[in-house]
Structure formats: C-alpha cells, structure tokens
Amino acid sequence: MRKLSVLAAAQLLALSTGPSMSEGAHGLRILVSEDAVRRESVRLYSDLLNRACRKGWHYPRSQIESGFKRHFEELKLQILDQGLTIIFDTKANNLPQSIPDIGSCSQTPTS
C-alpha cells in the first residue's frame, strides 16, 4: 500500500506543477519541483502523525522534526525511483523552511 501512495503522490505532484514535460535523451521526462515534493511530504507526514496521535502515541518535538526531514528525503528518493526528475526551485529554497505546528492532538468524541 505504501508504494501505491508514493506513486499517487508522485502523479499528483507531476500534475500540480503545471507544464512539466521536457525533451530528454530518452524521450519525455516528468519534472517535479522540490517545493511541491516538500509540500506533499509535509501533508503525508502530518497525516501519519495525526493517526498516531489518535492512537495515543506521542513523540517529542525533536523526533517530529527529524521525522519531517527524513520523510522528505525518503519521498524524494522514491519519486526519483519512479523515474521522475526533481528540479531545484531557487525561489522556494531561499525561504526559511519551517515545520507546521501540529499542536496537541485531541480526541474528538464520535456519535
């Protein structure tokens, strides 16, 4: 299932970056901006943390921060493995990167 979600994320990223095809030596290649990969990684990892929180698992901020970084690097490798090309977005990478404040999870009662 994880491979399927990575492939779906890669396809979403490829579609969300606009015109992203360029002619390469072996035909067309799909270009994805690093910023789009970072946004998708934050979304996916935040979802994992929310599910863990609902199960009662809590992690220190330092582990969460390193987890965001690790998840981003692993997602980049998986996207490259799928044959997509990640392009460096100089505008996005000049901005300070921050981790979203997930706060504390709260159990919402279900009716």
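Helix α2 (residues 34-54) comprises 21 residues and extends 30 Å from its first C-alpha to its last, close to the 30 Å expected at 1.5 Å a residue; the expected span is 1.5 Å times one less than the number of residues. Helices (H or I, at least four residues) and strands (E, at least two) are DSSP runs numbered from the N terminus. The model is a predicted one, in which local features need pLDDT of at least 70 and side-chain atom pairs count only at pLDDT 80 or more, while totals for chains, interfaces and linings use all residues. Residues are numbered from 1 along each chain as its sequence is written, and side-chain values use heavy atoms, with hydrogens and water left out.

The protein chain contains 4 helices and 3 strands, arranged from the N terminus on as α-β-β-α-α-β-α. Of its 111 residues, 28% are buried, where buried means under 20% relative accessible area, exposed over 50% and partly exposed in between (1.4 Å probe, protein chains only). Contact means heavy atoms within 4.5 Å. Among contacts between residues at least 6 apart in sequence, 67% join residues at least 24 apart.

Within α2, the buried residues are Glu34, Ala36, Val37, Glu40, Ser41, Tyr45, Ser46, Leu49, Ala52 and Cys53. An α-helix has 3.6 residues a turn, so residues three or four places apart point the same way. Ser46 counts as buried because its relative accessible area is 15%. The C-alpha atoms of Ser46 and Ile64 lie 9.6 Å apart, although 18 residues separate the two in sequence. Just after α2, Gly56 adopts a positive phi of about 95°.

The partner of α2 in the packing described next is α3. These two helices pack at an angle of about 125°, with their axes 9 Å apart; axes are lines fitted to C-alpha atoms, for helices over the stretch in contact, and angles run from 0 to 180 degrees between N-to-C directions. The two helices are therefore oblique to each other, given that angles under 35 degrees count as roughly parallel, over 145 as roughly antiparallel, 65 to 115 as roughly perpendicular and the rest as oblique.

His71, in helix α3, is buried because its relative accessible area is 10%. Leaving aside neighbours within four places in sequence, His71 contacts Ser41, Leu44, Tyr45 and Leu48. Glu73 is also found in helix α3 (residues 61-81), but is partly exposed because its relative accessibility is 40%.

The largest nonpolar core has 8 residues: Val32, Ala36, Val37, Phe72, Leu75, Ile79, Leu84 and Ile86. Helices α2 and α3 each supply at least two residues of this core, and α3 gives the most, with 3 residues. A nonpolar core is a set of buried Ala, Val, Leu, Ile, Met, Phe, Trp, Tyr and Cys residues joined through side-chain atoms within 4.5 Å.

Strand β2 (residues 27-33) contains Arg29, which is partly exposed because its relative accessible area is 37%. The C-alpha atoms of Arg29 and Gly83, 54 residues apart along the chain, are separated by 7.8 Å.
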